[in-house]
Amino acid sequence: MLIAVLVTFGVLNRNSEIIAMKACGVSLYRLVIPIVSIAAILSVSLFLFDQYYLPQANRRQEALRNIIKGKPAQTVLRPNKTGYSASRIPASPTASSTTVFDPERNEFANLSLFEFNPSTFALSRRIFAARAVWDAETGTWRFLNGWQRDIAGANVQEYRQFQQTSFPEIHEDPATSRRKACKRRR
């Protein structure tokens, strides 16, 4: 808006219209007030539009995009907020990080699992999956489009990518994940 006001006055000055208006008895104050007031009204309306309308429109757009692409819906109000939880798988403490959990379809998106050595609490394995879906028949999670890293100290021992796999040692049921997702939303 400031640039538009400056360009307007620059064009008026170049064509000597400001001098003509001053010769006709129009003060600079009367010349500036309409242009500055219109610029201020437009600036305030753009600010209000950005603060109140656009966030809701962006959330709606993301929800529709997730439906179109078949992804689970966002479970938190702020999509960039990551949910963390810690659980105890027998013989190995783990922590998980996820941005999306769909309790209706029992599905995670962007799931990271961190497994720690119980004696030193050093990171021993990390699993990432673009999606994780609960398989009720086998009672395990199916991890889709991801990778696994086995870590020993500062070195990566093994790295493997997968399209679809399951880890039998990870058997936390969806009801537990649903409770954790509900706690994060509060």
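This is a predicted model: local features need pLDDT of at least 70, side-chain atom pairs count only at pLDDT 80 or more; totals for chains, interfaces and linings use all residues.
Trainee: How are the planes of tryptophan 134 and tryptophan 141 arranged, edge-to-face or stacked?

Mentor: They form an edge-to-face aromatic pair, with 5.2 Å centre to centre and 70° between the planes, and together with Phe108 these two, Trp134 and Trp141, make up one aromatic cluster.

Trainee: And what about phenylalanine 143 and phenylalanine 167, why is that pair edge-to-face?

Mentor: Their planes stand at 70°, with the ring centres 5.2 Å apart, and because planes over 60 degrees apart count as edge-to-face, the pair is given that label.

Trainee: Which parts does that pair tie together?

Mentor: Phenylalanine 143 lies in strand 6 (residues 140-152), whereas phenylalanine 167 is in the loop between strand 7 (155-166) and helix 4 (174-185), so the pair links parts that are 24 residues apart in sequence.

Trainee: Is phenylalanine 143 buried or exposed?

Mentor: Phenylalanine 143 is buried, at a relative accessible area of 1%, and phenylalanine 167 is buried too, at 4%.

Trainee: Switching to helix 3, where does it bend?

Mentor: The bend, of about 40°, is at tyrosine 53, and a proline, proline 55, follows within four residues; over its 42 residues (28-69), helix 3 reaches 58 Å from its first C-alpha to its last, close to the 62 Å expected.

Trainee: What do the buried residues of helix 3 pack against?

Mentor: They pack against helix 1 (2-14) and helix 2 (17-23); in helix 3, Leu31, Ala39 and Asn66 are buried.

Key. Residues are numbered from 1 along each chain as its sequence is written. Side-chain values use heavy atoms; hydrogens and water are left out. Rings of Phe, Tyr and Trp (its six-membered ring) pair if their centres lie within 6.5 Å; planes under 30 degrees apart count as stacked, over 60 as edge-to-face and the rest as tilted. Helices (H or I, at least four residues) and strands (E, at least two) are DSSP runs, numbered from the N terminus. Buried means under 20% relative accessible area, exposed over 50%, partly exposed in between (1.4 Å probe, protein chains only). The expected span of a helix is 1.5 Å times one less than its number of residues. The bend at a residue is the angle between axes fitted to the seven residues ending there and the seven starting there. Contact means heavy atoms within 4.5 Å.
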